[in-house]
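The sequence and the structure come before the details.

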Amino acid sequence: LSGNRNHGAVVVSGPAGVTTALVIRDSLLSNNFGGVFGWSPEAAGKVNLILSNNTIADNSYFGIRAYQGYASEVSLMLSNNTITGNSVGVRLEQGVPDGTPARSAPDLPQAFTRQDNTISGNGTDVQGGSLIPLEAR
C-alpha cells in the first residue's frame, strides 16, 4: 500500500445505522499522500479502523487520519504499529455544519492504543486529540 499519489487505504462509512470496518495487519503504508484515512461524513454510519503490526511511514501528509462528521462516529484501534516520518502521525478531526460551533474533545473520533505502538519522528505525532490507553496484551 505504498507509492500512491493519494491514500494507501481509505474506508468510508455506509448509511446511518451501518458499521463499516477496515482491518489492516502486517502491512507497509508508505510514500503516499496519506497512509490510512477513516471517514464518516455528516449523519452517516460508523467506521471502525483497526490497525495492527504495521509500519506507516514517510507519507507526505498524515500516517492515519480519522475524520468524524457531525452526528457520525469513527473509532480507531492501534496495536503494535510504527508510525514515523509523516507530517502528522495520527490526526483526529471532527466536522461541523456551517455556522455550528466546534464540538468538544469528547466528540472527536475515539482513538485507542494498546500502548505498544511507536509514534515518533513525525512533524506532529498526534494532532487534534489524544490516544486512549487500553491494557496491553
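## Surroundings of Ser72

Leaving aside residues up to four places away in sequence, Ser72 touches Ser40, Pro41, Glu42, Ala43, Ala44 and Gly45 (contact: heavy atoms within 4.5 Å). The model is predicted: local features need pLDDT of at least 70 and side-chain atom pairs pLDDT 80 or more, while totals for chains, interfaces and linings use all residues. Residues are numbered from 1 along each chain as its sequence is written, and side-chain values use heavy atoms, without hydrogens and water.

Ser72 sits in the loop between β7 (62–68) and β8 (73–79); strands are DSSP runs of E, at least two residues, numbered from the N terminus. Its relative accessibility is 11%, so Ser72 counts as buried (buried is under 20% relative accessible area, exposed over 50%, partly exposed in between, with a 1.4 Å probe and protein chains only). A polar atom of the Ser72 side chain lies 2.4 Å from the backbone oxygen of Pro41, and one lies 3.0 Å from the backbone nitrogen of Ala44.

## Aromatic rings

The whole structure holds five aromatic pairs (ring centres within 6.5 Å, using the six-membered ring of Trp; planes under 30 degrees apart are stacked, over 60 edge-to-face, the rest tilted). Phe33 and Phe62 are edge-to-face, with centres 6.1 Å apart and planes at 80°. Phe33 lies in the loop between β3 (28–30) and β4 (34–40) and Phe62 in strand β7, so this pair ties together parts 29 residues apart in sequence.

Phe62 is buried at 0% relative accessible area, whereas Phe33 is partly exposed at 35%. Tyr61 and Phe62 also pair edge-to-face, 4.9 Å centre to centre with 75° between the planes. One aromatic cluster is formed by Phe33, Phe37, Trp39, Tyr61 and Phe62.

Key:
Helix = DSSP H or I, 4+ residues; strand = E, 2+ residues; numbered from the N terminus. Polar contact = N/O pair within 3.5 Å; in protein donor to acceptor, adjacent residues only side chain to side chain.
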